[in-house]
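I opened my notebook and went through this structure piece by piece. Here is what I looked up.

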Amino acid sequence: MAGFPIEFAGRIKTLPPYLFAAIDEMKQKAIARGVDIINLGIGDPDLPTPKPIIDALGRAAADPKNHQYPSYEGMLAFRKEVADWYKRRFNVTLDPVSEVLTLIGSKEGIGHIPLAFVDPGDVVLVPSPGYPVYPVGTSFAGGQSYLMPLEKKNGFLPDLDAVPKDVAKKAKLMFLNSPNNPTSVVMSKDYFKQVVAFAQEHQVIVCHDAAYSEIFYDGRRPASFLEIDGAKDVGIEFHSLSKTYNMTGWRIGFAVGHKQVLTGLGKVKSNLDSGVFQAVQEAGIAALRLDDSVTDGLRKVYQERRDVLVPGLKKLGLEVDPPPAAFYIWVMVPKGYTSASFTAHLLETAGIVTTPGNGFGAPGEGYIRMTVCTTKERLAEAVERIKKAGW
Ligand SMILES: *Cc1c(COP(=O)(O)O)cnc(C)c1O
């Protein structure tokens, strides 16, 4: 039988190609040509998950009580551990029962939250360049993204005063992300205070993505949005164990803050998924209990890499600042290039995979993103190769 034409829904047909899929295709072609690729494209820690976490998973996986459906909102023991971690790290007090929700990675919660609060035609404020899940989750819910450009002249922070009053009035949610992917910029507590005031004035729910809060340099710890007075009355914060503990494959994160906002997200989740494998939550508890020496060690590795790559690129005449946090280097492309043509140039002439800045939204044009998720020897070689290739 010939079957019949299979038509994708409009929401799928209008999707931009998933950024990393396009990069991957370019990379595969180069590998097929025999090129020794240095991949500075993907933000996925290259180091293994710390052993105490793996051991905790092994023990918990063997226990039959963990083999059944977990509760959709997460084990209370995990949520208590999150609350304890927030107290220690940020001096923020959370009620583990009503102010903490376990997620199957923070991407899951970020993608789903518009379904809880955005009706067709509603506006969502989205930083751009930014994590593609913010506008895509918005569009899946039928909402309209209003892009807040991150520009050098504003220190790559959204200019809240530039959001037109009628847009702010219509906005239901606002996504923010500090430390930022792709710019690595960190928001100050003063900036967060402006966000709280803006959210109160316009009745916008703030969804702050803090996935990189523990990847910071020079001992300067980024703040939590929830450290600000009144923040818990206007929004929530997304967190992840992925970047902090090299657990991207494990799929565990959490959201904390405003009870009613978490209740909405929980309603979506309870109808779509069945929570995180309890053994992974037990491993998450072990992760959050690790002492600082583990995360200090990871930060030291990334900082050493940053301090190879950034000065190396600067020496070659590229315009780039050392990031204060996260593992991204946001590089301005040289004159005569676009984001796409410079990405292609580095791949063709130096075998280096990077990500074109406009892939994170049109305001990212003129930049490329590099990551430090590879050894410092390879980063030094990348600098050498770019030097040889020139532009
Ligand atoms: C990696 C990343 C996340 C975390 O994703 P998980 O689903 O928790 O693995 C969230 N936000 C941003 C901006 C990221 O880069």
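I began with Q203. I found Q203 in the loop between helix 8 and strand 6 (205–209). Helices (H or I, at least four residues) and strands (E, at least two) are DSSP runs, numbered from the N terminus. Q203 is not a glycine, yet its phi is positive, about 55°.

A note on the source: this is a predicted model, where local features need pLDDT of at least 70, side-chain atom pairs count only at pLDDT 80 or more, and totals for chains, interfaces and linings use all residues. Residues are numbered from 1 along each chain as its sequence is written, and side-chain values use heavy atoms, with hydrogens and water left out.

Next I checked peptide bonds. The bond joining S128 and P129 is cis, with omega about 5°. P129 sits in the loop between strand 3 (123–128) and helix 6 (133–140). The bond from S178 to P179 is also cis, with omega near -10°. I placed P179 in the loop between strand 5 (171–177) and helix 8 (189–202).

Then I looked at the whole chain. I noted 13 helices and 12 strands in the protein chain. Its C-alpha atoms fill a box of roughly 65 × 55 × 55 Å along the principal axes. A compact globule of 391 residues would have a radius of gyration near 21 Å, and the protein chain agrees because it has 21 Å. That radius is taken over C-alpha atoms, and the globule rule is 2.2 Å times the number of residues to the power 0.38.

Which residues are closest to the ligand? They are D209, S240, S242, K243 and R251, out of 14 that surround it. A residue counts as near if one of its heavy atoms lies within 4 Å.

I looked up polar contacts too (pairs of N or O atoms within 3.5 Å). A polar side-chain atom of D209 is 2.6 Å from a ligand nitrogen. A side-chain N or O atom of S242 lies 2.6 Å from a ligand oxygen. For K107, a backbone N or O atom lies 2.9 Å from an oxygen atom of the ligand. Taken alone, the ligand exposes 390 Å², and the protein buries 94% of that. These areas come from the Shrake-Rupley method with a 1.4 Å probe.

Terms used: Polar contact = N/O pair within 3.5 Å; in protein donor to acceptor, adjacent residues only side chain to side chain.
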